[in-house]
Amino acid sequence: MTNNITTVWYVYIVECNDEGKTLYCGITNNLEKRIATHNAGKGAKYTKARLPVKLLKSFEVADKSAALKEEYRIKQLSREEKLKL
């Protein structure tokens, strides 16, 4: 049996509430829930100590594989380049 439901994946960038207003990049298939999870202190270890986070940008991608590749690419960019996306 084939599953005809297509899952939408997102790559996102959030700004953390720390002294440097650092950026965090991740992937998800439920953007609203993921941001809420971060802000509940249950997200990534990096963001737990830098709450609340604020969504700056999100990009819809074709699938999980594309999301992982785009996340990696974005993580290689400088802060300034990430903000220009």
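This is a predicted model: local features need pLDDT of at least 70, side-chain atom pairs count only at pLDDT 80 or more; totals for chains, interfaces and linings use all residues.

Reader: What makes β1 and β2 a pair?

Author: The cut-off is at least two bridges. Between β1 and β2 (residues 23-28) there are 6 bridges, and these strands run antiparallel. So this is a pair. V14 stands opposite Y24 in β2.

Reader: Is β1 mostly covered or mostly open?

Author: β1 is mostly covered. Of its 7 residues, 6 are buried.

Reader: How do you know that the length of α3 agrees with its number of residues?

Author: Helix α3 (residues 64-75) has 12 residues. At 1.5 Å a residue they should span 16 Å. The end C-alpha atoms are 16 Å apart, so the two agree.

Reader: Which residues of α3 are buried, and how do you know that they line one face?

Author: The buried residues are A67, E71 and I74. Seen down the axis of α3, they fall within an arc of 65°, so they line one face of the helix. An α-helix has 3.6 residues a turn, so residues three or four places apart point the same way. On the other side of α3, K69 and Y72 are exposed.

Reader: What covers the buried residues of α3?

Author: The cover includes β1, β2, β3 and α4 (79-84).

Reader: Why is D63 called a cap of α3?

Author: A side-chain oxygen of D63 lies 3.3 Å from the backbone nitrogen of S65. A polar contact needs N or O atoms within 3.5 Å.

Reader: How many salt bridges does a search of the whole structure find?

Author: The search finds 4.

Reader: Why is the contact between K54 and E15 called a salt bridge?

Author: The cut-off is 4 Å, from a side-chain nitrogen of Lys or Arg to a carboxyl oxygen of Asp or Glu. K54 and E15 meet at 3.8 Å, N to O, so they qualify. This pair links distant parts of the chain: K54 is in β3, E15 is in β1, and they are 39 residues apart.

Reader: What makes D18 and R50 a salt bridge?

Author: Their closest N and O atoms are 3.1 Å apart. That is within 4 Å, so the pair counts. D18 lies in the loop between β1 and β2, and R50 in the loop between α2 (45-48) and β3, so the pair ties together parts 32 residues apart in sequence. D18 counts as buried at 18% relative accessibility. R50 counts as partly exposed at 23%.

Reader: How do you know that K75 and E71 are about one helical turn apart?

Author: They are 4 residues apart in α3, which means a separation of about one helical turn. E71 has 13% relative accessibility, so E71 counts as buried. K75 has 41%, so K75 counts as partly exposed.

How values were computed:
Residues are numbered from 1 along each chain as its sequence is written. Side-chain values use heavy atoms; hydrogens and water are left out. Buried means under 20% relative accessible area, exposed over 50%, partly exposed in between (1.4 Å probe, protein chains only). Helices (H or I, at least four residues) and strands (E, at least two) are DSSP runs, numbered from the N terminus. The expected span of a helix is 1.5 Å times one less than its number of residues. The arc is that of the directions from the helix axis to the C-beta atoms. Contact means heavy atoms within 4.5 Å. A polar contact is a pair of N or O atoms within 3.5 Å; within protein, one must be able to donate a hydrogen and the other to accept it, and residues adjacent in sequence count only if both atoms are side-chain atoms.
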